[in-house]
Amino acid sequence: MARINPPRVTLRDTAADDPRVGHLLGTELREGDAPQVILLGFPSDEGVRRNGGRVGAAGGPEALRAALYHLAPDARSAGFEDLLRHTRDLGDLEVSGDVESDQRNLGEALAPCLASGTFAIVLGGGHETSYGHFLGYKQVGRRVGIINWDAHTDVRELKEGRAHSGSPFRQAIEDPSGSCRGYTVAGLQPHVVARAHLEFVKQHGMAIWRDEVVPETIHSLYREAASPVLASFDLDAVDQAEAPAVSAPNVGGLSSELWLLAAYLAGRSSAVTSADVVELNPRVDRDGQTARLAALTVWQILRGRAERP
């Protein structure tokens, strides 16, 4: 199995009555304790390069984590700080640039957490992250449904037999294990979706267009979902004005309000057992704007997880 490197974040000093996420993470966990939530970075963007996108997502986990650690816990949520104290940031999986090998290693790293019921949040990386994420379920023999928030279907064919950031959900759907129970993609933009890919999605699940995503759509998706569910958050689903630093930016995407509601409800849904946040490209970020949105996405997932009934 690949090595996992510990997180590297420098936190500013704050007053004792003003703790930040990074001050609280894992403080109630002793050696050998099982965390309620784990964070694991997957700093890979070779799949983005293979797919012709803007490279730079390999720096996503570090940029996301740096922004996340400086956020305050939600003072309105009684259980938020306690959840953070029982959340372990494992760090970043060491990747080789061999996408297929790195995806297998990610699956192996996640499998023990998924088997024990620990909620996993994977910090990408390109969207090749999600097939490695899915392989964790395959390894523990669990059939999983997938909800992907994305402007693209990401069911492209492999390129010369090689995986890339546009192929993860075709790979999951066609995996011979049959571990993919169904696939829903929400936030699709019609100007980037080919008819063949749309038909493929419809054969195996459900496609929801950007203009169909309203609060009730989001609520109903999670309300009707059967456990376990892997929720994937591709930042390119968000309008380019609010998320400029992604591998493939899109005008006319989801508002951050809808996006963050989807993240919160993913955390709150008892059906969702893991999530990933992908395609943050800090090389082209604007004042850390997209990194902060990515961090707030994880924060909302954690908030929802803390408020589960």
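Helices here are DSSP runs of at least four residues, numbered from the N terminus. The model on screen is predicted.

**First stop: helix α7.** Select residues 168-174, which form helix α7. Within this helix, pick out R170 and E174: they sit four residues apart, about one turn of the helix. Their side chains meet in a salt bridge, with 3.3 Å from N to O. R170 is buried, at a relative accessible area of 12%, while E174 is partly exposed at 48%.

**Second stop: E157.** E157 belongs to the loop between β5 (144-149) and α7, 13 residues from R170, and the pair links distant parts of the chain. The relative accessibility of E157 is 45%, which counts as partly exposed.

Now move to helix α2 (residues 46-50) and helix α5 (residues 99-116). What joins the side chains of R50 and E100? A salt bridge of 3.0 Å, N to O. R50 lies in α2 and E100 in α5, so the contact ties together parts that are 50 residues apart in sequence. R50 is buried, because its relative accessible area of 13% is under 20%. E100, at 23% relative accessibility, is partly exposed.

Together with R50 and E100, they are linked in a network of salt bridges.

**Last view: the whole model.** How many salt bridges are there by this rule? The count comes to 15.

Methods
Residues numbered from 1 in each chain as written. Predicted model: local features only at pLDDT ≥ 70, side-chain atom pairs only at ≥ 80, totals over all residues. Heavy atoms only, no water. Salt bridge = Lys/Arg side-chain N within 4 Å of Asp/Glu carboxyl O. Helix = DSSP H or I, 4+ residues; strand = E, 2+ residues; numbered from the N terminus. Buried < 20%, exposed > 50% of the residue type's maximum accessible area, 1.4 Å probe, protein only.
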